[in-house]
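Hi there,

Here is the structure I promised to pass along. Have a look at it first, and then read on for what turned up.

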Amino acid sequence: MNKIKSTQNTSNSPFGGWRAYYIIIPAYNEEAFMALTLQSLVEQTVLPSKIVVVNDSSTDSTAEIVTSYSEKFPFITLVNKKSDAIHLPGSKVIQAFHEGEKHIDDNYDIIVKVDADLIFPNHYFETIIKHFQSDSKIGMAGGFCYIEKNGDWVLENLTDKDHIRGALKAYRKETYKQIGGLKPAMGWDTVDELLCKFYNWKVITDESLHVKHLKPTGASYNKAARYKQGEAFYSLGYGIFITAIASLKLASRKGKPLLFIDYIMGFWKAKSSGKQLFVNSEQAKWIRNYRWKKMKAKLFN
């Protein structure tokens, strides 16, 4: 593996060349949070070499806020994108991310997808860099999202602790290229990790990294979007039994048992329509075996 190269002056950095990380932020009507997110990024102990904010048809002052930061920090770029206003999880945000990719060069070694409603601790990316530096087989790394409840910041407990939330994914460049980038559909933030492991990369989560998530996940999703979760399970090659277990678990974690029905309906809709999988047959078989092994480990440990 190549060492991380830098597009900034690293003469005073304890990491040598381990500083070239690029951040892409899809944003839609984020005027309430955009400045908080950018401020936390420009206060990092190791600054990003590039931040690209993709303003995806916002009707509020998101673009003006980003422009005010780009005027002060030359490594911040605003990109405007036009798309439909409807918000379906996965597709809209990753299409915006792909638009951001058109505005970066290839001189990075870590690429990061970040949501526009996060506040990062100032050592967040210094710590992420240390993880990548420590082991050349680490392909992805991330911290944990916390949401505010009754005045306290508590873990947004929607996934297992070995999963990196879609809001803050950091990828080694070699890994990102090998998994084929991000898929523009719900489930993108699961298939990336599964393919990462398929290709024998490690996925690292750091419980010491607490990131404030200012807008709870799924707050604006409608019923059509909820069907997308079941469709995503199908697209991952899970099969009906693993989908049923995953659906029950996710509905339970969200405290909405009836979501189980939406997820199963979404699965069958995708299956009956012959929707193409995110993965090939070899990868789908590996994914099912991997999921069964994890389930058995939890049952018997």
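Predicted model: local features only at pLDDT ≥ 70, side-chain atom pairs only at ≥ 80, totals over all residues.

Gln44 belongs to the loop that runs between helix H1 (34–42) and strand S2 (50–56). A polar atom of the Gln44 side chain lies 3.0 Å from the backbone oxygen of Pro121. Pro121 is also one of the residues in contact with Gln44 once neighbours within four places in sequence are left aside; the others are Tyr21, Phe120, Asn122, His123, Tyr124 and Phe125. Several of these names come back in the aromatic rings, where Tyr21, Phe120, Tyr124 and Phe125 are linked into a cluster by ring pairs.

Arg172 is part of strand S8 (residues 168–172), and a polar atom of its side chain lies 3.0 Å from the backbone oxygen of Asp135. What is the nearest side chain of opposite charge to Arg172? That is Glu174, at 4.8 Å. A salt bridge needs the charged atoms within 4 Å, and Arg172, although buried, has none.

Glu31 sits in a loop too, this time between strand S1 (21–27) and H1. With a relative accessible area of 42%, Glu31 is partly exposed. Not counting residues up to four places away in sequence, Glu31 touches Asp60, Ser61, Thr62 and Ile65. For Glu31 and Ile65, the C-alpha atoms are 7.2 Å apart, although 34 residues separate the two along the chain.

That brings me to the chain as a whole. It has ten helices and nine strands, and 52% of its 301 residues are buried. Among contacts with a separation of 6 or more, 76% are between residues 24 or more positions apart.

Now back to the aromatic side chains. A pair of rings is described by how far apart the centres are and by the angle between the planes. The count of aromatic pairs comes to 15. One of them joins Phe73 and Phe75: the ring centres are 5.9 Å apart and the planes meet at 55 degrees, so this pair is tilted. Phe73 is partly exposed at 23% relative accessibility, whereas Phe75 is buried at 12%. Phe267 and Trp268 make an edge-to-face pair, with 5.4 Å from centre to centre and 90 degrees between the planes. Here Phe267 is buried, with a relative accessible area of 3%, while Trp268 is partly exposed at 43%.

Lys137 lies over the face of Trp201, 4.4 Å from the ring centre. In the case of Tyr227, the charged end of Lys269 sits over the ring at 5.4 Å from its centre.

Next, helix H6 (188–198). How many of its residues are buried? Eleven of eleven, so the helix counts as mostly covered. The buried residues include the charged types Asp189, Asp192, Glu193 and Lys197, along with Trp188, Val191, Leu194, Leu195 and Phe198 among others.

H6 is followed by Asn200, which has a positive phi, near 70 degrees. Asn200 is in the loop between H6 and strand S9 (202–213), and it is exposed, with a relative accessible area of 58%.

Asn150 also has a positive phi, near 55 degrees, without being a glycine. Its place is in the loop between strand S6 (138–149) and strand S7 (152–155). At 84% relative accessibility, Asn150 counts as exposed.

Definitions and conventions. Residues numbered from 1 in each chain as written. Heavy atoms only, no water. Helix = DSSP H or I, 4+ residues; strand = E, 2+ residues; numbered from the N terminus. Buried < 20%, exposed > 50% of the residue type's maximum accessible area, 1.4 Å probe, protein only. Polar contact = N/O pair within 3.5 Å; in protein donor to acceptor, adjacent residues only side chain to side chain. Contact = heavy atoms within 4.5 Å. Phe/Tyr/Trp six-rings, centres within 6.5 Å; stacked < 30°, edge-to-face > 60°. Lys NZ or Arg CZ within 6 Å of the ring centre and 35° of its normal.
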